[in-house]
Amino acid sequence: MIRRSARTALATAACGAVLAGGLAACGTVQQLNAADKVSKAFETFGSGKSFSAKLSVDATAAQIEAFGAATGEEIDKDSAAALASVSLSIAFSADKPLKDIQPTKGAGSGNGAATAADPSVSASYTLTGKGGAPLAELRQVGGKAYARGDLAGFAKLVGQNAAEVEGLAEGLPAPLGNALKGQWVSFDLKAPEGADGTGGAAATPTPTLDPKAAENLNASLKDILTRDLSFEEKGKQDGKDRITVTAPARKLTDDLLKAVEPLAKDIPNLAKLPKSAPAKVPDRPLALDLYLDGGALSAVTFDLAQLEEKAGGTPLPLRIAFGHDTPAVQAPAGATELSSEDIGGLFGQLAAAGGAGGAGGAAGAAAPLTDAQIKELTRDGAMTEEQVRLYNSLGLGYQDIKDLADLKA
């Protein structure tokens, strides 16, 4: 499979590009016709009441195998077929333009439920496989979460025997077992009382940024992106305007890190950022292709081969397709409501199956985490202390939570 270093470098480049587009919408890069088009394209984001994006590998299974062979990281046939067919989609909708949504008081407090703080905003996340069949779905509507999965379908996707994994659902409470067989379940997004290990104490206040500091940061970012990014029109492709955005990866990363460094005292998580670009960030220009349809951004592609010198020109493009004014996210009908006991039982079963890090048995109990373990699990910022304590209270031990944090990172 693709190395984590490549994924991390890609995330850095992609975030820089998206940020570039967002700031271009403020009119900072108007000196070029191509930049002006990009600026106007990003202005469409947030103007509607709904938005969607779909991430996929824009390559065949054979092309993915060829990329693995070229980079010296063999990708087996089943994995290549899975990567070629899988996609991840997200969608957001509200009762007013998304740009007018304001953070609800208490959002971002670190209790793991910030995304559901504003009940007027609905969201969905869908992992699909071959033929568009949903493998896992999560929706947030009106402060509730809805979920379902297809364990057998996922097994088939990765070349495993579906019959062997279906037994995993049999030992769970019926609603949870059915959820892994494609039936919807629902649960409240609020953490159980006292699950943060503080006996229900108030959540940590959200860090606030001084308006002057925010203004200075915005000015710095505009200046950086004006200097570091270049735009070039490449004509039409499949009826869409293609514009290539290029940036020196290491220099852009260094400049962005220096710009946010002064804010570390106000936003603790920023203190965890490196002072300069990690060695895995390539010291060469990276490019993304933007596709505009009628002036609106319809897709972004990024070739992973840019991150691998060994690729030797063997491409492996990632594609994000965007949708504007898409259907509003709806709560599914017929969902079975889960109790906190059901959810605790699920985490306990998973922890017991893992059998590591002090995870408990069938009762779902796990050894309490030490202060040192909590500090280690929150060090890279992938999880907050409140989230770690919640997972521990639901039956996950140190190693189980560490594995989850590694996945999120």
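Two strands count as paired if DSSP finds at least two bridges between them. Strands themselves are DSSP runs of E, at least two residues long, numbered from the N terminus. With that in hand, take strand 1, residues 50-57: strand 1 pairs with strand 11 in the antiparallel sense, over 7 bridges. Alanine 53 stands opposite phenylalanine 322 in strand 11.

Some housekeeping. This is a predicted model, where local features need pLDDT of at least 70 and side-chain atom pairs count only at pLDDT 80 or more, while totals for chains, interfaces and linings use all residues. Residues are numbered from 1 along each chain as its sequence is written, and side-chain values use heavy atoms, with hydrogens and water left out.

Alanine 299 has alanine 321 as its bridge partner in strand 11. Strand 10 covers residues 296-303 and includes phenylalanine 302. Is phenylalanine 302 buried or exposed? Buried, at 5% relative accessibility. The cut-offs: buried is under 20% relative accessible area, exposed is over 50%, and partly exposed is in between, with a 1.4 Å probe and protein chains only. The C-alpha atoms of phenylalanine 302 and leucine 288 are separated by 5.0 Å, and these two residues are 14 apart along the chain.

Arginine 139 finds its bridge partner in strand 5, at tyrosine 146. From alanine 136 to threonine 126 is 10 residues in sequence, and 5.8 Å in space, C-alpha to C-alpha.

Move on to strand 6, residues 185-188. Here 4 bridges join strand 5 to strand 6, and the two run antiparallel. Lysine 144 has aspartate 188 as its bridge partner. For alanine 145, the partner in strand 6 is phenylalanine 187.

Two loop residues deserve a look. Aspartate 238 has a phi near 55°, a positive value in a residue other than glycine. Aspartate 238 is in the loop between strand 7 and strand 8, the latter being 240-248. With a relative accessible area of 71%, aspartate 238 is exposed. Aspartate 325 also has a positive phi, near 55°. Aspartate 325 lies in the loop between strand 11, 317-324, and strand 12. At 59% relative accessibility, aspartate 325 counts as exposed.

On to the rings. How many aromatic pairs does the structure hold? There are 2. The rule: rings of Phe, Tyr and Trp (its six-membered ring) pair if their centres lie within 6.5 Å; planes under 30 degrees apart are stacked, over 60 edge-to-face, and the rest tilted. One of the pairs is phenylalanine 92 with tyrosine 125. Their centres are 6.3 Å apart and their planes at 90°, so the pair is edge-to-face. Phenylalanine 92 is in strand 2, residues 87-93, and tyrosine 125 is in strand 3, residues 122-128, so the pair ties together parts 33 residues apart in sequence. Phenylalanine 92 is partly exposed, at 28%. Tyrosine 125 is partly exposed too, at 25%.

The charged end of arginine 319 sits over the ring of tyrosine 291, 5.8 Å from its centre. That label needs NZ of Lys or CZ of Arg within 6 Å of the ring centre and within 35 degrees of the ring normal.
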